[in-house]
Amino acid sequence: MFGPFSAGDSLRIYRLQRRGVSLDVRRDLTQPWSPLWEAWLAFLTQQAMGQPTYVLADARQGDGFVQLRYRPHQAAADVMFLAPVPGNSVRAAKAWACLLDGAGIEAAGRGIQRMFANLPPPGVEADLFQQSGFTFYAQEDIYRLVQPAGPGVATNHSLSGLDGLRPQRAEDWPALQKLFVAITPQRIRQAEGGIGLSVGGENSQRYVLPNPGGEEAWASVSLRSSRTAHWLRLVVHPGAPDVATHLVRWAVRALANQPARPIYCNVRQYEGGVRAALEAAGFELYTTRTLAVKHTLAWSKTPVPELLPGLKSSAEALPPAYHINGEPEAKAPSGRLAATRDS
């Protein structure tokens with residue numbers, strides 16, 4: 001039996017979470033978390049907070065659960081956690097297939113058009129996602145600086161080559177959008193349904209380096225600190241590759257004023273110039289992740305037979321994911337499934 005988490009599933013989740021696979025590597029490294037707590041938080045807030053959890057209890061396929069996270073302001077969700085670990089167990093592999101398929105149906109009923117996953121290096125997990133309809137579309141390297149430089153202050157001298165670097169402002173969004181379009185291949189934008197401008201998450205210090213001679217930004221920098229690590233995110237315009245070296249040095253010095261913790265930085269395969277700058281500053285490759293996406297189905301409000309005779313209108317999908325977070329849950333109407341179209 002597959003269905004949403006309820007209070008009676010608490011013991012099952014507690015036991016399984018120790019034998020699961022987390023797909024949120026950034027959160028794992030910066031903010032340890034509990035799947036059981038996230039399940040309860042989503043349950044108590046009607047999915048306005050926490051991670052919606054779906055549980056499998058089947059005599060043949062065994063027990064398991066999957067957790068999602070809805071992306072704000074997007075008709076998209078991320079697969080965050082799966083249990084149990086598949087290993088070489090045929091039974092566990094069948095459980096994963098059921099969990100991923102069931103989560104896709106649940107997400108589609110809420111207007112979700114894309115499900116994403118950040119997968120570990122090629123192995124059993126990646127194979128099971130591919131068998132469940134996920135497509136690999138990019139790779140992402142995560143670098144780590146274990147021993148940052150000693151305490152110091154990011155003075156004006158450290159801004160050499162970064163004239164104009166300043167905290168990000170609301171009016172920078174058009175320039176940042178052009179920056180992301182400039183560095184992101186069209187196939188990636190199609191896979192992700194557009195350009196996502198959130199580069200650091202909540203509680204991040206964000207900076208922008210304007211391009212004095214144009215409407216695009218030269219670079220975007222995001223710094224985020226937690227109790228266990230710091231996270232750095234750099235986006236550099238292809239026309240200013242030398243800027244990356246100065247930005248990495250500046251970021252490391254800025255974080256040196258924080259408690260001594262490892263610094264991580266994620267770089268996608270098509271973001272040139274940043275890797276060399278990180279390695280020159282002492283960063284080492286920590287892991288490589290595979291980015292995957294699956295296009296789901298959305299409920300049609302208009303029955304299909306009414307559409308066929310005159311082709312009156314196209315199927316209308318439910319409101320996107322941002323109508324879920326903090327608002328009453330959207331109910332799947334009694335209609336048939338209609339395939340969504342790419343953005």
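Trainee: Why is β11 called largely enclosed by the rest of the structure?

Mentor: Buried means under 20% relative accessible area, exposed over 50%, and partly exposed in between, with a 1.4 Å probe and protein chains only. In β11, 7 of the 7 residues are buried, so the strand is largely enclosed by the rest of the structure. His230, Leu232, Leu234 and Val236 point one way from β11, Trp231, Arg233 and Val235 point the other way, and all are buried.

Trainee: What kind of model is this, and how are its residues numbered?

Mentor: The model is predicted, with local features needing pLDDT of at least 70 and side-chain atom pairs counting only at pLDDT 80 or more, while totals for chains, interfaces and linings use all residues. Residues are numbered from 1 along each chain as its sequence is written, and side-chain values use heavy atoms, leaving out hydrogens and water.

Trainee: How many helices and strands does the protein chain have, and what makes a run count as one?

Mentor: The protein chain has 10 helices and 15 strands. These are DSSP runs numbered from the N terminus: a helix is H or I over at least four residues, a strand is E over at least two. Of the 343 residues of the protein chain, 48% count as buried.

Trainee: Which strands pair with β11, and in what sense?

Mentor: Two strands pair if DSSP finds at least two bridges between them. β10 and β11 pair in the antiparallel sense over 7 bridges, and Val221 stands opposite Leu234 in β11. A hairpin of 4 residues joins β10 to β11. β11 and β12 pair in the parallel sense over 3 bridges, with Ile263 in β12 as the bridge partner of His230.

Trainee: How do you know that β8 and β9 count as paired?

Mentor: Strand β8 (residues 166-167) and strand β9 (residues 205-210) have 2 antiparallel bridges, and at least two are required, so they count as paired. Pro167 stands opposite Tyr207 in β9. β9 also pairs with strand β10 (residues 217-225), in the antiparallel sense over 6 bridges. There Gln205 stands opposite Leu223 in β10, and the two strands form a hairpin with 6 residues between them.

Trainee: Asn211 lies in the loop between β9 and β10. Why is Asn211 called buried?

Mentor: Its relative accessible area is 16%, and the cut-off for buried is under 20%, so Asn211 is buried. Contact means heavy atoms within 4.5 Å. Not counting residues up to four places away in sequence, Asn211 touches Glu216, Ala217 and Trp218.

Trainee: What makes the pair Asn211 and Trp218 a polar contact?

Mentor: A polar contact is a pair of N or O atoms within 3.5 Å; within protein, one must be able to donate a hydrogen and the other to accept it, and residues adjacent in sequence count only if both atoms are side-chain atoms. The side chains of Asn211 and Trp218 make such a contact at 3.3 Å.

Trainee: Thr135 lies in strand β7 (residues 135-145). Why is Thr135 called partly exposed?

Mentor: The relative accessible area of Thr135 is 47%, which falls in between the cut-offs, so Thr135 is partly exposed. Thr135 touches Leu291, Ala292 and Val293, not counting residues up to four places away in sequence. Thr135 and His295 are 160 residues apart in sequence and 9.1 Å apart in space, C-alpha to C-alpha.

Trainee: Which residues touch the most other members of the largest nonpolar core?

Mentor: A nonpolar core is a set of buried Ala, Val, Leu, Ile, Met, Phe, Trp, Tyr and Cys residues joined through side-chain atoms within 4.5 Å. Of the 29 residues in the largest one, Leu223, Leu232, Leu247, Trp250, Leu278 and Phe283 touch the most other members. α8 gives the most to this core, with 9 residues. Apart from it lies another core, of 25 residues, among them Leu56, Ala126, Phe129 and Ala292.

Trainee: How do you know that the reach of α8 is close to what is expected?

Mentor: The expected span of a helix is 1.5 Å times one less than its number of residues. α8 has 13 residues and reaches 18 Å from its first C-alpha to its last, close to the 18 Å expected. Its buried residues include Val243, Leu247, Trp250 and Leu255, and what covers the buried residues of α8 includes β7, β9, β10, β11, β12 and α9.
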